[in-house]
Amino acid sequence: MKTKISMLFAALVVTGLSGHVLAHGNVIPQGADSSAMPPITDGDESENGWVFENPYRSLDEETKTKVIKFGESAYANNCAGCHGLHAQSGGINPDLRELDPESFEDDEWFVERLRFGSAKGMPALGGIPEGQTDPILDQETLWAIKTYVEARRVVAIEEGEIEAD
């Protein structure tokens, strides 16, 4: 009888803990439909059409608000599991809000990291997986994510969470 109760207790504990593990969220890239985003057409042909500076940074406010909203959703589905909700890292992975929007090098780093990933576990979200013809996330989506992160940077500076460079 004690064995059955112990086994039942163990099953309940495991079941209860699995909810916490699943609550972390899905870290498998989800893709996104960027058809409503402004198209990026002036990329470097030798780099498969990629641009290396955020093309959405200088949009009119109405369009930029739409881009940020889309970027927030794409970020939540593809980045937040590792980089934190609202782009606020918990300390293990880079705090993307630290990327300086005035720095071409930071934009270039962002593109390269998303296209090719890293040996430390960052997936190549802008890369083309073996056996597929399209990247997991196109550059319209990736730049929308960067635009969202830049908007979160402004909030973080205003609230004293990070320092402006």
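1. Cys 82 is partly exposed in this predicted model, with a relative accessible area of 46%. Cys 79, in contrast, counts as buried, at 9% relative accessibility.

2. How many disulfides does the count come to? The answer is 0 disulfides. A disulfide is a covalent bond between the sulfur atoms of two cysteines, and the rule used here asks for a pair of cysteine sulfur atoms within 2.5 Å. For Cys 79, the closest cysteine sulfur is that of Cys 82, and the 8.7 Å between them is too far for a bond.

3. On to helix H4, residues 104-116. Its 13 residues reach 18 Å from the first C-alpha to the last, close to the 18 Å expected at 1.5 Å a residue.

4. Which residues of H4 are buried? They are Asp 107, Phe 110, Val 111, Leu 114 and Arg 115. These residues lie on the same side of H4, because they cover an arc of only 120° around the axis. As a reminder, an α-helix has 3.6 residues a turn, so residues three or four places apart point the same way.

5. What do the buried residues of H4 pack against? Their partner is helix H5, residues 139-158. Glu 105 and Phe 116 are exposed, and they sit on the face of H4 turned away from its buried side.

Conventions:
Residues numbered from 1 in each chain as written. Predicted model: local features only at pLDDT ≥ 70, side-chain atom pairs only at ≥ 80, totals over all residues. Heavy atoms only, no water. Helix = DSSP H or I, 4+ residues; strand = E, 2+ residues; numbered from the N terminus. Expected span 1.5 Å × (residues − 1). Buried < 20%, exposed > 50% of the residue type's maximum accessible area, 1.4 Å probe, protein only. Arc of directions from axis to C-beta. Contact = heavy atoms within 4.5 Å.
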